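Biologist: I am new to this one. Please show me the model, and then I will ask about it.

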Number of protein chains: 2
Amino acid sequence: MNKQEDSGARLIIAAGEASPDLYYRTRFLTPDPYIYLEIQSERIILVNDLEIDRARKESIASQVLPTRDWEKKLSASGKSPSAINIVSAFLEEKKILDIQVPFDFPLGYADGLRKNGFNVTASAGPFFPERAFKSRDEARQIRTVQIGVEESLREIVRILKESNIRDGLIHYGGTVLTSETVKSILKKELIGKNLLGEHTIVAGGEQACDPHMEGEGPLPAHLPIVFDIFPHHESTRYFADMTRTLFKGSVKPIHRKLYETVLEAQEKAISLARPEEESRKLHQSVVDVFEARGYRTGEKNGRMEGFFHGTGHGVGLEIHEAPRVGKTGELLKEGHVITVEPGLYYPGIGGVRIEDMLYITDTGFENLTTFPKDWGTVAIP
Amino acid sequence: MNKQEDSGARLIIAAGEASPDLYYRTRFLTPDPYIYLEIQSERIILVNDLEIDRARKESIASQVLPTRDWEKKLSASGKSPSAINIVSAFLEEKKILDIQVPFDFPLGYADGLRKNGFNVTASAGPFFPERAFKSRDEARQIRTVQIGVEESLREIVRILKESNIRDGLIHYGGTVLTSETVKSILKKELIGKNLLGEHTIVAGGEQACDPHMEGEGPLPAHLPIVFDIFPHHESTRYFADMTRTLFKGSVKPIHRKLYETVLEAQEKAISLARPEEESRKLHQSVVDVFEARGYRTGEKNGRMEGFFHGTGHGVGLEIHEAPRVGKTGELLKEGHVITVEPGLYYPGIGGVRIEDMLYITDTGFENLTTFPKDWGTVAIP
């Protein structure tokens, strides 16, 4: 074998929508799986008749080939025209035996290819580690989504300003304001900007003490309400992620201290963000602030309380991607987009989380989040 | 080993949102992966601290266990607290060696478990074949989504009625109506009903000749416009799927014949739907009608034209699931929900597709789609 035949192939079989890795390399979105092969610098899409015209128009692959040709050849030789056999026939012709696939490559395909004699190796880490390093253009796409998130939350602030409080509940337009209503308004605001906001969190009072609880029922006045909004753009597929904690009514001293402690911890962690810094130091600084201020983390009455999640995560074509910002952190690098989102949760008292998104630059960072965190904004009388 | 030890385990490691199989068994939605084990009739979720309270509240699993306990044990014995090692430790304790996983189970996990001594077998077909057989309640969930789809398209019909035609384009509220505007209105209508409509198709004229083209730019008057709407419900996760082809303005004889031929083929195929019928017969009946009416399928000038996709597919927790309705069909069974969606596409002329969703009953079918297909509805003067 010559050098070219030795070098092997990278393979993804997935729906464009379901695989950020595949979309990253092809920019071709499909609801159904297609075959993608990368051989040296060639990026090859194998696709059925239904998608081939669109693939040729929309994808950035260097070649778009119809699976039909291979299906015919396989059927003629009495073989099933399956994806496994199409890939096998294609790679046999190129004399390639070694196939690299993503960690999440379907086992069914892998075992089929192995049976056909190929060496299939799953990537231990990210398949395209370069996805973690966002170009200026990618950061701009993320910021575009973030602008939509902020405009949408401003609409909610406007509604809270126009609302009244009766019997501890928030009334707007003649009815009690619920998590469901606010989420519905947020989602409509987002969709008008081509942003899909699944699992938007609007959780107040006790519900805010469970960090992933989406929230339901009437929103409480005089208690922290957590808004965690993390949509992706329908076309560019980039995510943004922001959390704010708002109050409608008066703010009790216990909640004021909770909020200010979370904000202090967040600002401390943000101030540490720069290339070549260990991301776990950001997390540790949050833990240190909470401990110094007397906020305890642990199990109580069978439930977790305090600060029991990571400080942040990478954001890009996935809502959670590299790098991690937690107790097992990573080295921050130029191009990383990370969230910094400490929170404190105490059943019986309430939950507060504040989250910004940072773009790590060559000298430090740009905060992609511009929504204010001051009392003048977050406490709505 | 006794009988219980022999019987093995079923395993899924996936995000609740990303795996319809996992959600089907747990009804627990998460953005991040968690571990699910099925041992005999026990359904066990292993989940981190962040999700455990919600898992206990929302899931239908018989046991919800914290991964934390296993992480501690593994760390104490110097092992990495990875998902692979957590599953391994859990199954070793139960003396289980055989693991069944879905076809799309991540290869990285499978190879890790194999290295730890387990026999991991990927399912060749659907992991839970019973997912294809919808209960009355599931059919009702799908119909609920479909009602939302129909109400949303009615809003577009209303807008088209209020629109005027100038220079071959459709004008509404002082501006030219575009695919983007109509899709945005549709998506807002849908989100108001908690329906997420990704990749809604609003494609007119030449764009409608590519069945998966989503559509962009001004919509043409006097030409067929394809509306393919297939959202899922944010909470129940069930999909619905409907296509209608509408006209604004006058309908030329060539398009009238095209539409009536597609409708004839669709009605013929629908009339064949019943339990124990081969679904490929529905597809063949569509092909036969098109051939009898002189509509040719094949490549022309490097593009496909005619009828070059399957007649339909199952719909449920996935937009495309079992059974297939195409040239390689399956036996229809009571409980199947299938689409019947023939189409004809001729570059230079236009594209027409009409799609209904059927629930196969013990004696025949119920059409879950009630949006009209008559000229009085689809041709808007």
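Biologist: Through which surface do the copies meet, and what share of the interface residues of chain A are also interface residues in chain B?

Modeller: This is a predicted model, where local features need pLDDT of at least 70, side-chain atom pairs count only at pLDDT 80 or more, and totals for chains, interfaces and linings use all residues. Residues are numbered from 1 along each chain as its sequence is written, with chains lettered from A and ligands numbered from 1 in the order in which they are written. The copies meet through the same surface, because the share is 100%.

Biologist: What rotation superposes chain A on chain B?

Modeller: Superposition is by least squares on the C-alpha atoms of residues with pLDDT of at least 70 in both copies. The RMSD is 0.0 Å, with 0.0 Å of shift along the axis, and the rotation is 180°. The two copies are thus related as by a two-fold rotation axis.

Biologist: Which element gives the most to the side of chain A that touches chain B?

Modeller: Contact means C-beta atoms, placed from the backbone, within 7 Å. By that rule, 36 residues of chain A are in contact with 37 residues of chain B. Helices (H or I, at least four residues) and strands (E, at least two) are DSSP runs, numbered from the N terminus. With five residues, the top contributor is α3(A).

Biologist: Which residue in β21(A) stands opposite A:Y346?

Modeller: Strands pair if DSSP finds at least two bridges between them. Four bridges join β20 (residues 343-346) of chain A to β21(A), and the two run antiparallel. Opposite A:Y346 stands A:G350.

Terms used:
Contact = placed C-beta atoms within 7 Å.
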